[in-house]
Amino acid sequence: MSVSLLGRFAACAAAAGALAAGCAPPNDPLAYTRNEFARTDTYSRAYPKTPERVCEAGKRSLLSQGYTLADAGARSLEGHKQFQSGDNYKEITFHLVCEPDHTGTNQSIAFVNAVESTFALKKTNNSASVGVGLLGSVSMPFTSSDDSMVKTGSETIASGDFYSRFFALLEQYMPSASPAAQGDATPPSPKAPEGPTKAP
């Protein structure tokens, strides 16, 4: 094989490689940079309470902030809250799952996750049609508008401060321990002074 032929072959191979690279979809950094699977306390907290009590406190926390509950069970719940910014509408979907700790005690772990979705108003014009005898239907210039909300994007909220504020509020709604467990038990009545008993 001559040198010129080898040069042409190398040039063709380089062009094919460049073409393939240009057609390949760009790498999405979100697929791996945001899924490190590292140990973190952003989305979870441990509490010395049963899962039912922790989720009850979480339910009261969301209700106090204007969330509506779509699915509220003993150990899990889902809340929704809507916002408006100009022509865009946003909704936060908040998930809370309460699971018992693996130690077998009354300890439990609260797992949270919130997703922010964005919606836009979409208008669709529908033309009216009128039947005219044998001619069939004829489109008339009268139109009607059907407005609908279209989701334009959604993303998991990753702000540690956002979840920290929720956990702080949850702890305020957490049922406290009984007075006896806190050392505030009612003191016993004082005993009568001991001494020699006088004969009547």
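Tutor: Gly66 follows helix 3 and has a positive phi, near 85 degrees. Helices (H or I, at least four residues) and strands (E, at least two) are taken as DSSP runs and numbered from the N terminus. The model is predicted, so local features are described only at pLDDT of at least 70 and side-chain atom pairs only at pLDDT 80 or more, while totals for chains, interfaces and linings use all residues. Residues are numbered from 1 along each chain as its sequence is written, and side-chain values use heavy atoms, with hydrogens and water left out.

Helix 3 itself has 14 residues, and 20 Å separates its first C-alpha from its last, close to the 20 Å expected at 1.5 Å a residue. The expected span is 1.5 Å times one less than the number of residues. Its buried residues are Pro51, Val54, Cys55, Ala57, Gly58, Ser61 and Leu62. Viewed down the axis of helix 3, these buried residues fall within an arc of 155 degrees, so they line one face of the helix. The arc is that of the directions from the helix axis to the C-beta atoms. Buried means under 20% relative accessible area, exposed means over 50%, and partly exposed lies in between (1.4 Å probe, protein chains only).

With a relative accessibility of 1%, Ser108 counts as buried. Leaving aside neighbours within four places in sequence, Ser108 is in contact (heavy atoms within 4.5 Å) with Arg45, Ala46, Tyr47, Lys49, Thr50, Pro51, Val54, Glu99, Pro100 and Asp101. A polar atom of the Ser108 side chain lies 2.7 Å from the backbone oxygen of Lys49. This pair falls under the definition of a polar contact: N or O atoms within 3.5 Å, one able to donate a hydrogen and the other to accept it within protein, with residues adjacent in sequence counting only if both atoms are side-chain atoms.

Further along strand 5 lies Val115, which is partly exposed, with a relative accessible area of 21%. The C-alpha atoms of Val115 and Thr93 are 5.2 Å apart, although 22 residues separate the two in sequence. Residues up to four places away aside, Val115 touches Glu91, Ile92, Thr93, Ser154, Glu155 and Thr156. Ser117, also in strand 5, is buried at 5% relative accessibility. Its C-alpha lies 5.7 Å from that of Gly153, 36 residues away in sequence. Beyond neighbours within four places, the contacts of Ser117 are Tyr89, Lys90, Glu91, Lys151, Gly153 and Ser154.

In soluble globular proteins, nonpolar side chains tend to be buried together.

The 13 residues of helix 4 should span 18 Å at 1.5 Å a residue, and its end C-alpha atoms are 19 Å apart, which agrees. Buried in helix 4 are Phe162, Tyr163, Phe166, Phe167, Leu169 and Leu170. They cover an arc of only 160 degrees around the axis, which puts them on the same side of helix 4. Tyr163, neighbours within four places aside, is in contact with Thr42, Tyr43, Phe94, Val112, Asn113, Ala114, Thr156, Ile157 and Ala158.

As for the whole chain, it has four helices and six strands, running α-α-β-α-β-β-β-β-β-α from the N terminus on. Of its 200 residues, 18% count as buried. Among contacts between residues at least 6 apart in sequence, 55% join residues at least 24 apart.
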